[in-house]
Amino acid sequence: MITKVRPHLSQNEALLFERSSPGKKAYQLPELDVPAVDAAEALGAENVRVSIEGFPEVSEVEAIRHFTRLSTWNYAIDYGMYPLGSCTMKYNPRINELVARIEGLAWAHPYQPEALSQGCLQVMARVEAALAEITGMDAVTLQPAAGAHGELTGILLIRALLEKRGNPRKKILIPDSAHGTNPATAAIAGYAVENIKSSDTGALDVGALEQLVTGDVAALMVTNPNTLGVFEHNIIQAAEILHRRGALLYMDGANMNALVGIARPGDFGVDVMHLNLHKTFSTPHGGGGPGSGPVAVKKALEPFLPTPRLRRSGKKLAWDYKRKHSIGRVRAFYGNFGVLVRALAYILAHGGDGLRNATVDAVMNAVYIRKKLEPHFDLPYPSPNLHEVVFSDKRQEAHGVRTGDLAKRLIDYGFHPYTVSFPMIVHGALMIEPTETESKLELDQFIEAMISIAGEVESDPQMVKNAPYGTRTSRVDEVTAARKPVLRWKPQ
Amino acid sequence: MRYLPKSDSERRQMLDACGFSSAEELFAHLPEAVRLNRPLALDPGISEYEIVDYFKRRAAENANGYASFLGAGVYNHYRPVLVDTVVSRGEFLTSYTPYQAEISQGTLTAIFEFQTMLCQLTGMDVANASMYDGSTAVPEAAMMAVRATGKGRVLVARSVHPEYREVLRTYARNQGMPVEEFGYVAETGSIDLEDLERRMDPLTAAVIVQSPNFFGIVDQVKAAARIAHRHGALLVMVFTEAVSLGLLEPAAEADIVAGELQSFAISPCYGGPFAGIIATKERFIRQMPGRLVGQTTDSRGNRAFCLTLSTREQHIRREKATSNICTNQALIALMATVFMSVYGKRGLRELAEQNLAKAHYLAGRMKPQPRFTGPFFNEFVTRVDGRSPEDLNKALLKKKIIGGLPLGGHYPELKDCMLFCATEMSTREAMDSVASVLAVAKPQEVQA
């Protein structure tokens, strides 16, 4: 039975272009206090456009209603739980939003004098120090804009170190359970990708690693805990194998929410890793960004970090641009500063103990869900899990219902779907990560919903396959969207 | 802790249900050697009030109450109130990437509008759902050109933002993608077409030109495109000042447009988060990086939107993807979308005209006249006579004015020059102050 939600009216809304009409306006500029300039004269008539064909013209009231109506068509953390595995959709504290908008921070220009940017630099130094302590690494760059960007930075650092040692090598090893960004990143950094098959328990196969780490291998990219939510218990051994043969260990920190305060990558052999501040450190996902992907490294990699580096000179902080071994810049300016402010607010709110308590609750929530759902769904890998748990749709498939169908039905119960069909080593995966910020009530409702759906699969599989029913938009035809792409509005 | 929504008795119940006697047992399976057996060396958690206080104190250590004439890729434009009102809604702020189309139509519809408006502004057929920023959009555009042409070399104008060029070099280094630069004409500040022509060869995949360029000059994109096309290369047009699109003829001759939307209601925020964009012609769609939203229908036949053409992307294609990008800048793109809706067709032009008028007023008040003769939008380079740009900026700081960007660091030949920007936010009074400080010929008089 569906207990968490009931239908309510939702407003229809046309596209901006369809409700536009000439002469409507939502803006007013101040009276120009200098003489007007003739654009054609100043810029050359050939450089000046006649108009912006098709651009909307709406009033202020219509603009706010437009976006408010659109907003109500979204699910969001503020509505309820997002059990998306590997995405760490936790509560986004509102204090973070408030402090990120303080004028002296939000309106700081990246080229204003360093003497007048000390507040920004202090914030960044504090974030660097906190992340170094949390990860057990020696140095941190805050420049990368998101996780995949951090990965690229990390692999370029590895390449730079190996080049300095005389040979950048050719390959990156990546487990078959990895996020797609890992192999895509390796390719952009100029490396070939070799996949490592996971062991029967879904873990990193150290025996296979022993065979695969040749003089051609630059690094292993590993997610820990892996995408099954299982800690790679051979990680120290893996690091030793790599290091013995001059290769490095890269850790994808997407699942760091399972480790903060419990274990530190720097203590188990990781040479370089990235963090996703929009996952572990609560900065809002915003419908797909912005993120921030700081990279933490051991001492040996520090000389190669992107320019500029923050450095202390006396009581002041300054940017150091003269770093001859640096891989260069990975983006303009210094990183997604506004996201760093939010992450620091989160770290300050929790403190060291609070961060550890958050990890404990995150793991407890996932273990609790596993315990309650295990009787109803196939659990392909029985190793103890940390912050997430992965089931397969094996039992439901017997009734012709796949993980994607179960996920869509979950929407009717008032929840966002879990992560569907990932990791690829699980046939028909249901990847569930509750995070620490779900109440017991919300978890119990989720569990009830999942059990109820498992029952529906047996009694009425076709009904489940056509879900969702309660949304204003029913199952969306993604095949036609890709076959006949319509990527912009055009007048009829 | 206030973000953890459970009582101790609920925790007890949950652990009991799982058969654990304590929370520590949840981690008992971790190898002893990996465990951190001490508390994190971080300060204890603090209250909301203390957090606000901490950041207010940091903000007070920054520039406050200064008029600024910095541009150079980050512009000081007014931010309509509606922008923050919309992006503060939890439904936008706290939602995930819209993979589940049925419960993400709000974000998807807004992105579709964003893509459409970017096409209208740039004259391209298709625009993606955003890149990290303008600087990373440039190497992504270059890689796109490499895939589309099957060639490997990239020619970039020296008048493209220096930091964008640095990012391009970082990305290019390991991809067998040689990057070379071509110059600008010393008198006009516009790209040197002869130098470009000289450096073109049959292996060149892309010619990258910025307009308005780093010096603020509306550059010769059309002429550059003709040269690029004659040699079988693509023309990538870069922009950092999106407001200029309200006034400038779109570069229909460009094959790819890679730009930065910070000017569209995105606060400077010490350099980020911003939102980049890649737009292109229809025939290059499948070479595009990043997410795309497409129109389709739901099973009841109603219009609906979803993420599409994802077979280009890393989560499907892995090492063969067009890019490794995953998370983009959706919420920032939404800010730009609201901004474009508020200003609309006439407002964006009016805004651009005000920028043009302000910058030309400031330039007109200054002596000497701008260093370059090319047409400029809202930034221009000026030569400082008799003292260094740094000294001039010191004098301006005393008047609570942050001056222009000294150019010597990136352009040694322009070490006596600085880049000034004026926007609709620049008051006549502040501009007159700048002009009067600049007019003082000798440094000792400034200090007096």
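This is a predicted model: local features need pLDDT of at least 70, side-chain atom pairs count only at pLDDT 80 or more; totals for chains, interfaces and linings use all residues.
The C-alpha atom of A:Leu15 is separated by 32 Å from that of A:Ala39, a residue 24 places away along the chain. Leaving aside residues up to four places away in sequence, A:Leu15 touches A:Trp489 and B:Glu113.

Is A:Leu15 buried, exposed or partly exposed? A residue is buried if 20 or more other C-beta atoms lie within 10 Å of its own, and exposed if 12 or fewer do. Because A:Leu15 has 18 C-beta neighbours inside 10 Å, it counts as partly exposed.

Chain A is divided into domain 1 (1-73), domain 2 (95-348) and domain 3 (354-479). Between domain 1 and domain 3 of chain A, the C-alpha centres lie 40 Å apart. The contact between these two domains takes 8 residues from domain 1 of chain A and 7 residues from domain 3 of chain A. On the side of domain 1 of chain A that touches domain 3, 5 residues are nonpolar, 2 are polar and 1 is charged.

The contact between the chains remains to be described. Chain A contributes 173 residues to the contact, and chain B contributes 160 residues. Which helix gives the most to the side of chain A that touches chain B? That helix is α10 (residues 337-373) of chain A, with 24 residues. By class, the side of chain A that touches chain B comprises 98 nonpolar, 46 polar and 29 charged residues.

Note on methods: Residues are numbered from 1 along each chain as its sequence is written. Chains are lettered from A and ligands numbered from 1 in the order in which they are written. Helices (H or I, at least four residues) and strands (E, at least two) are DSSP runs, numbered from the N terminus. Ala, Val, Leu, Ile, Met, Phe, Trp, Tyr, Cys and Pro count as nonpolar, Asp, Glu, Lys and Arg as charged, and the others, Gly among them, as polar. Domain bounds come from an automatic or database domain assignment.
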